[in-house]
Every structure is written in structure tokens, then in C-alpha cells.
Amino acid sequence: MSDAIPQADQNHVIQVAVPRPLHAVYDYTMPADMPLPAVGARVRVPFGRTETIGICTNTDVAQPHTKLKSVLAVIDEQAIVATELLELAHWMTTYYHHPLGEVLATILPAAARKGASTTIDPYDFWQLDQQDFNKPRAKAQMSLVTTLRENGPTSGTTLVATGHTRATLRKLAETEVVSRTRPPLDQDLEAGPEPNVEQQTAIQKILAESLVESGQSSSIYAAYLLDGITGSGKTEVYLRVIAAVIAAGRQALVLVPEIALTPQTVGRFERRFARVGVFHSGLTDHERLQTWLKCGTGEIDVLVGTRSAVFTSFRDLGVIIVDEEHDSSYKQQDGLRYSARDIAAKRAHALKVPVIFGTATPSLESLHNAQRQRYEHLHLTERAGGAQLPTYHLIDLRGQILTDGMSPPLQHVIRRHLEQSSQVLVFLNRRGFAPTLLCASCGWQAMCPHCDARLTLHQAPPKLICHHCSTVLEVAKSCEQCHQHSLMPVGLGTQRTEAGLKALFPEIPVHRIDRDTTRTTRALEAQFERINHGGQCILVGTQMLAKGHHFPDVTLVVILNADAGFLSPDFRAPERTAQLIVQVAGRAGRAQKPGEVWIQSYQPDNPTLRTLIEQGYGGFAEHELKVRQTVGMPPEYAMAMLRADAFDARDAQAFLEQCKASLRGIEVMGPVAAPLARIANRSRYQLMLLSPQRATLHAALRGLNPPKANRALRWSIDIDPYDSL
Ligand code: ADP
Ligand code: ZN
Ligand code: ZN
């Protein structure tokens with residue numbers, strides 16, 4: 001190969017970011033017979049003993065003295081990563097202390113990362129060109145032609161769904177009987193309800209302040225915290241703002257939590273706008289890349305997507321919306337630990353477009369930003385369409401005799417609501433039958449052999465499952481330690497609650513919704529359909545029930561145990577628990593019937609719980625922000641976690657000790673064992689880094705000098721961690 005390389009001093013040298021840890025960019029020479037790639041284009045390069053695909057980040061590099069390898073192929077004629085995204089990538093590199101090549105690999109859809117073509121698939125929408133086509137013996141072709149003649153242009157998916165085949169379609173296309181055509185834009189779109197006064201105020205503020213003038217394709221950056229109680233019509237505000245953005249010929253990006261991207265959500269956007277795209281992990285790599293590209297060409301007006309959709313390339317993005325901005329799924333929890341919420345703000349700023357953060361339970365970060373006037377705080381305090389907010393009631397569990405976790409007063413309330421033919425929602429954030437299998441004779445508990453965690457007892461079929469490493473074990477008949485036949489399940493999971501409810505209310509259907517019953521969004525959607533058309537029933541489930549769904553017939557929401565969340569050692573536990581309670585409570589009484597929320601607790605005087613119930617989420621959040629301020633935690637302080645895990649605890653500990661020695665000018669706590677000290681046989685340690693100044697924290701991290709770790713040790717930097725577990 002070396003004889004193909006022209007004289008070294010005539011060679012152009014480019015810089016390439018490759019998806020590998022440690023180094024950000026590498027130099028390569030360009031063979032003379034190859035076009036110079038654009039900055040942001042993909043190139044195939046040799047790397048170590050293999051090849052990889054990287055992104056060209058610089059084409060103007062001085063010739064170094066060392067001998068360089070040369071580029072193997074230029075994949076893109078034009079940049080696949082536009083300047084704006086490339087700049088975002090550079091920013092992420094410094095903010096998240098992560099190599100550029102890996103940042104770029106995260107930004108690109110998987111198929112693009114693997115070298116897939118950037119050609120957009122032709123329209124899969126078909127029209128009949130030969131009206132007089134008549135081949136009586138080609139039955140399949142005749143039938144398809146008849147369909148098109150009767151129904152007009154039709155999508156390929158619909159044709160296949162109604163019994164035609166792709167082969168027939170291909171045949172007719174080859175003989176020019178049918179051809180592809182653009183899907184029509186003039187579908188029947190809904191106008192939506194007339195906004196109420198609060199909605200109108202929010203919409204007008206956003207449009208007037210940041211979208212300079214409707215119909216004009218320029219805007220300014222502004223961030224809004226749309227703080228609206230559940231059911232107050234936040235989505236309606238988004239839809240109106242998006243309509244104005246599309247009218248100006250621009251595009252909109254709507255981020256939604258992972259679990260919320262159901263056909264229900266997408267349908268709401270599709271009924272209002274003609275060209276809606278979706279982006280989530282349930283699609284194939286090809287589908288995701290196609291959507292990404294269509295946003296780039298402007299063929300899609302509104303993209304609704306989960307976390308990684310924040311990196312989509314747009315022709316002319318006019319607004320970014322982050323729905324349920326408090327949701328944990330916006331934070332990537334491994335690899336490049338980015339926050340899509342924070343990146344949305346960053347991108348909006350760079351693009352000079354408005355960004356809207358909507359929620360009923362704002363994250364303390366966003367409230368903090370609103371207090372400092374970085375975000376404009378907009379309020380929706382009433383339920384749209386006149387529905388009532390539920391009332392809260394607390395049940396003191398002390399001294400009560402419980403039946404599968406349910407106190408007598410609670411059973412009474414459930415019965416009362418069922419007698420009014422309403423639906424009841426029972427919330428418990430724990431899957432399985434019981435979180436502990438305990439020996440009544442000697443106190444032994446079934447522990448995961450690989451984690452410092454108890455095994456959860458599941459039923460039907462009976463198994464012991466570790467919720468941390470997924471180990472599945474048979475349930476022993478007798479105690480491992482004393483061999484007595486005295487094992488008993490302790491504590492409550494959703495399976496046990498389901499069984500208990502069925503026993504108490506044998507005539508009422510009980511639907512359980514958790515990760516074990518509902519693995520796909522399709523299954524979840526099917527269950528919601530059944531519930532919303534099914535009349536009287538009891539729903540029991542985990543936080544899957546909490547997120548953005550609408551159950552018009554639910555009048556009672558039960559929180560079986562409010563204490564578990566507040567007891568967690570994590571600094572964010574009260575915030576997370578309060579959000580969960582308010583979100584679950586928000587499922588009640590969303591239609592015409594008023595709702596009630598009943599909460600069971602062994603600590604009914606817990607001040608956090610009291611504040612939440614008596615003053616609402618706003619009062620709780622204000623109090624909690626002060627606590628964080630006093631103890632020096634985020635959002636008042638900037639935080640990062642350095643985590644390390646290894647088979648030998650001493651390796652992880654020693655690694656972090658050495659890291660600590662290189663960190664200057666900030667508060668460093670640890671190394672300490674993580675609250676979950678061992679998962680999948682790996683011992684986990686952590687350093688908590690804090691500083692009142694974000695810049696100081698970053699400066700300290702730039703000085704971080706991690707020792708060369710052996711292969712068995714894994715470590716990571718987590719900026720703005722979601723939890724300290
Ligand atoms: P949120 O997103 O704040 O939870 P939604 O946007 O889902 O609330 O609105 C709750 C319900 O109220 C939806 O069924 C929606 O169609 C309806 N709705 C929203 N705005 C109005 C309005 N101005 N008038 C009547 N109904 C409305
Ligand atoms: Zn025992
Ligand atoms: Zn385990």
C-alpha cells in the first residue's frame with residue numbers, strides 16, 4: 001500500500017475523531033487520489049490492527065514528523081455532522097470530560113456510525129399511472145390496481161396490510177403501471193380545543209418574546225419553565241407554539257420520556273400536524289437514520305423522540321420542547337453520561353431558538369434556574385376542560401393490621417370507589433411478589449450470590465430474581481442455613497398486591513402493570529386501551545403508571561407505602577419521591593369525576609411528606625431547595641461523581657485514592673463504597689466532587705490524573721449525576 005502514497009510533503013494531513021477512549025483526535029494523511037473530506041464527514045481509517053469509522057474534524061493540519069497512516073476511504077461527500085452539531089460535540093467533550101470521538105459516536109445514529117449510506121429512501125406511497133391497465137390473468141396485479149383506482153394514492157404499508165405483496169408492487173412499478181409519489185399534506189387535521197386564559201398567556205408570551213414574529217424565520221433564545229399541574233393542558237401549549245413555528249417554515253423537536261412515547265402520544269401530534277417523525281429505541285437502526293436524515297432535509301416538521309433525539313440534525317429548527325423535564329430518562333446512565341435536558345438548553349442557545357421545559361413537578365435544577373431568571377417561569381394552575389384536582393388523605397399505618405399491605409381504612413375507601421363504578425389505581429414501586437425471602441427460624445435472607453442485595457421473590461413461576469444483575473435462582477424448599485422449612489416472603493411487591501386485591505375484591509378485574517407484565521410500549525398501549533374502555537377495575541403497578549397517561553375513570557389513587565422512597569440515602573430521594581407521588585396522584589380525576597389520593601405511611605409526621613401534602617409540590621420544592629443550599633448539594637453546588645468498580649475492592653479504592661490526590665481546589669468526599677457496594681461481583685467505590693463554582697469543578701477535573709488502571713477496573717466521570725448510588 002505504501003507505494004500508492006505520494007510524497008509525504010505533498011500530502012494533506014487531516015484530523016479524525018475515532019470512537020475510542022482516551023485520545024480525542026488522530027492525524028492521517030490523505031491519499032492523492034481521494035477527495036478532501038469536509039469537516040464533519042465520515043472517513044474510514046486504519047486504527048491499531050483494525051479499521052474504524054471516524055469523523056474528520058480538521059483538514060488543515062501541519063505535517064508532523066512522524067510517519068502517519070493514511071485514510072482508507074472518504075464515506076461522505078458532504079458533512080454528516082453539521083457545524084452546529086460539531087460545535088456541540090466539542091462543548092460536550094469539555095463539559096462531560098469525554099473524548100470527542102466517543103461524543104460524536106453518541107451523536108450519530110447507530111447506522112451512520114457503522115457507515116450506512118445517507119440516501120433517503122424513496123417515498124413508500126403509490127399512485128396508479130395506467131388507468132386502463134387490464135391483464136385479467138395477472139390476478140394479483142389486477143387486484144392491486146383496483147385498490148389504487150378505488151382509493152387513490154396509498155402507502156405501501158397499507159397495501160401490504162390489506163393483502164397485497166411487495167413483489168406485486170415491484171412488478172407494477174417495473175412495468176410503469178404504478179409509481180411512487182409524495183404523501184399528501186392536506187390530510188384532515190384537528191384544530192384542537194380553544195386555549196383557556198392561562199394557556200393563552202403562556203402561548204402568547206413564548207410567541208411574542210422569542211419567535212420574534214409569526215411568519216418570520218428568525219427567533220431568539222429564551223428558556224421557559226412551563227410549570228403546569230397534571231392535566232392543565234401543557235401539551236396544548238406545545239402544539240400551538242409548534243403550529244406557529246411550522247407556519248414560519250421551521251421545525252420543532254419534542255423530547256418525551258422513554259415510557260411516554262406510546263402511539264397515544266404520537267397520535268396527538270399526528271392529528272395536528274402532517275409531517276411528524278418519531279425517534280426512539282424501538283425502531284430499527286435504518287428507521288432511526290432515515291428519520292434523522294429527513295429532519296436534516298426538512299421533510300419532517302415535528303420530531304417526537306426520546307433522549308437521543310436531542311442530537312438530531314435539522315434543516316431549520318425553530319423550537320425545542322422537553323416534556324416532563326424532571327424525568328430521569330433524560331440522563332444517560334452509562335458511557336457518555338449526558339443530560340438531554342441540559343443539552344436541549346445548550347442547543348437552543350446556540351441556535352437562538354426558544355426552549356420550553358414542561359412539567360407538573362419541576363426538577364430542582366429547573367426551579368433554581370427560574371429563581372435566577374435564567375428561565376421564565378410560566379404557570380398553569382387549573383385543569384383544562386374544568387376537571388378537578390384530587391384531594392389528599394393520609395393513613396397512619398402504625399398499629400394497623402394489614403392485609404397484603406392494605407390497612408382496613410384503605411380497604412374501605414377502595415370498596416367505596418368501586419361501588420360508584422369507578423376505577424382504582426394502586427401504586428407500589430416494587431416489582432415481584434416480595435422483596436425478601438426470610439427464614440422464620442434463624443433470620444437468614446436469600447441474597448444474590450453476585451451482589452450485595454436481597455433477591456426478590458417472584459411468582460408464576462416461583463423464582464428468586466436479582467433486580468440488579470438479573471440472576472435467576474430456584475426457590476429452595478428449606479433454609480440454606482438451618483435447613484428448616486420455615487421460609488416466608490416478607491414485604492410487598494406488585495404481584496402480591498395483585499393477589500391481595502383479587503382476594504379482597506373477587507368480582508373486580510385487576511390489571512397489573514409493571515416491567516414483568518408489560519415489556520413493550522405496544523403491550524402497554526394495549527393494556528391502557530382495555531382499561532379506558534373496560535369500566536370498573538383496579539390497576540396495580542409501578543412508576544410505569546405515573547407517566548403522562550390519562551385514565552379518565554380513575555377516581556382513587558392509592559400510594560401503598562410512601563416511606564420507602566424517603567428513606568433512601570440518595571440526596572435526590574425526597575425530590576424523586578415527591579415527584580412520583582404527585583405524578584401518580586395526577587392520574588386521578590382527570591375527567592368529570594373528582595379524585596382522591598390516599599397515602600399510607602408509618603411516618604405520617606415526616607415533614608417532607610407533610611409539606612408535600614399541605615403545600616403541594618411548589619411548597620415542597622421551595623423547602624427542599626433550601627435544604628440543598630444549606631448542605632451544599634446541587635443545584636446550589638456543582639457536583640460530579642467519580643466511580644470505579646473492580647472484582648477486588650482494593651483496586652477500586654486505590655484507584656480513586658490516586659485520583660483524589662490529583663484533584664485540587666474542590667471538596668472531595670470519599671472514596672467510599674457505593675450504597676449498593678457490589679453488583680455482578682464487582683465492588684463499587686465512589687468519590688463525590690462538589691464546588692460552589694461550576695468552573696472550579698471543571699478546572700479540577702481537567703487536572704485529574706488517573707493512574708493507569710488494569711483492565712479489570714472500570715471507571716467513569718459523571719457530571720451532574722442523577723443519583724449518588
Ligand atoms: P398536560 O400535558 O398538562 O398533562 P394535556 O395537554 O394532556 O395536559 O391536557 C389534558 C386534557 O385536557 C387533554 O385531554 C386535552 O385535550 C384537554 N385540554 C387541553 N387544553 C384544553 C382546553 N383549552 N380546553 C378543553 N380541553 C383542553
Ligand atoms: Zn434458617
Ligand atoms: Zn445480583
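Predicted model: local features only at pLDDT ≥ 70, side-chain atom pairs only at ≥ 80, totals over all residues.
In the site of the zinc ion (ligand 2), the angles among the four donor atoms are 105 to 114°, and the site is tetrahedral. The protein donors are the SG atoms of Cys 439, Cys 442, Cys 479 and Cys 482, which lie 2.2 to 2.3 Å from the ion. Along the chain, these donors of ligand 2 follow the spacing C-x2-C-x36-C-x2-C. Distant parts of the chain are linked here: Cys 442 belongs to the loop between β18 and β19, while Cys 479 belongs to the loop between β21 and β22 (487–490), 37 residues apart.

The zinc ion (ligand 3) also has a tetrahedral site, with angles of 105 to 114° among its four donor atoms. Its protein donors are the SG atoms of Cys 448, Cys 451, Cys 466 and Cys 469, at 2.2 to 2.3 Å from the ion. The spacing of the donors of ligand 3 along the chain is C-x2-C-x14-C-x2-C. Again a pair links distant parts of the chain: Cys 448 sits in the loop between β18 (436–439) and β19 (456–458), and Cys 466 in the loop between β20 (463–465) and β21 (472–473), 18 residues apart.

| Residue | Relative accessible area | Class |
|---|---|---|
| Cys 442 | 31% | partly exposed |
| Cys 479 | 1% | buried |
| Cys 448 | 3% | buried |
| Cys 466 | 1% | buried |

Buried means under 20% relative accessible area. With a value of 31%, Cys 442 therefore counts as partly exposed, whereas Cys 479, at 1%, counts as buried.

## Domains along the chain

The domain assignment divides the chain into domain 1 (13–108), domain 2 (125–180), domain 3 (197–259 + 276–289 + 298–385), domain 4 (387–434 + 491–627) and domain 5 (638–719). The centres of domain 2 and domain 5, taken over C-alpha atoms, are 63 Å apart.

## Arg 20 and its surroundings

Arg 20 lies in the loop between β1 (12–17) and β2 (26–30). With a relative accessible area of 24%, Arg 20 is partly exposed. Leaving aside residues up to four places away in sequence, Arg 20 touches Phe 47, Thr 50, Glu 51, Thr 52, Pro 99 and Glu 102. Between Arg 20 and Val 39 there are 19 Å from C-alpha to C-alpha, and the two are 19 residues apart in sequence.

## Buried parallel strands

Strand β13 (residues 317–323) has seven of its seven residues buried, so the strand is largely enclosed by the rest of the structure. Strand β10 (residues 251–255) pairs with β13 in the parallel sense over five bridges. Within this pairing, Ala 252 stands opposite Val 319, and Leu 255 stands opposite Val 322. Strand β14 (residues 354–359) is also paired with β13 in the parallel sense, over four bridges; there Asp 323 stands opposite Gly 358.

Strand β10 is mostly covered as well, with five of its five residues buried. In a regular strand the side chains alternate between the two faces of the sheet. Both faces of β10 are covered, with Gln 251, Leu 253 and Leu 255 buried on one side and Ala 252 and Val 254 buried on the other. Strand β10 pairs in the parallel sense with β12 (residues 302–305) over four bridges, and Leu 255 stands opposite Gly 305 in β12.

## Helix α14

In helix α14 (residues 494–504), the buried residues are Thr 494, Gln 495, Arg 496, Thr 497, Glu 498, Gly 500 and Leu 501. These buried residues pack against α13 (408–419), β17 (423–427), β19, β22, β23 (510–513) and β24 (537–541).

## An antiparallel open sheet

An open sheet of four strands has the order β28-β29-β27-β30, with antiparallel pairing. Strands β28 (667–679) and β30 (714–719) stand at the edges with a single partner strand each, so one side of each has no neighbour in the sheet. From one strand to the next, the twist averages 20°. Strand β27 (residues 638–646) is joined to β30 by six bridges, and Leu 642 has Ile 717 in β30 as its bridge partner. Helix α19 (residues 649–661) packs on this sheet and touches β27, β28, β29 (682–691) and β30; the direction of α19 makes about 20° with that of β29.

Key:
Residues numbered from 1 in each chain as written. Chains lettered and ligands numbered in written order. Heavy atoms only, no water. Donors = N, O, S within 2.8 Å, 3.2 Å for Na, K, Ca; no water. Tetrahedral: all angles 85-135°; square planar, octahedral: opposite > 155°, others 65-115°. Helix = DSSP H or I, 4+ residues; strand = E, 2+ residues; numbered from the N terminus. Buried < 20%, exposed > 50% of the residue type's maximum accessible area, 1.4 Å probe, protein only. Domains from an automatic or database assignment. Pairing = 2+ DSSP bridges. Axes fitted to C-alpha atoms, helices over the stretch in contact; angles between N-to-C directions. Contact = heavy atoms within 4.5 Å.
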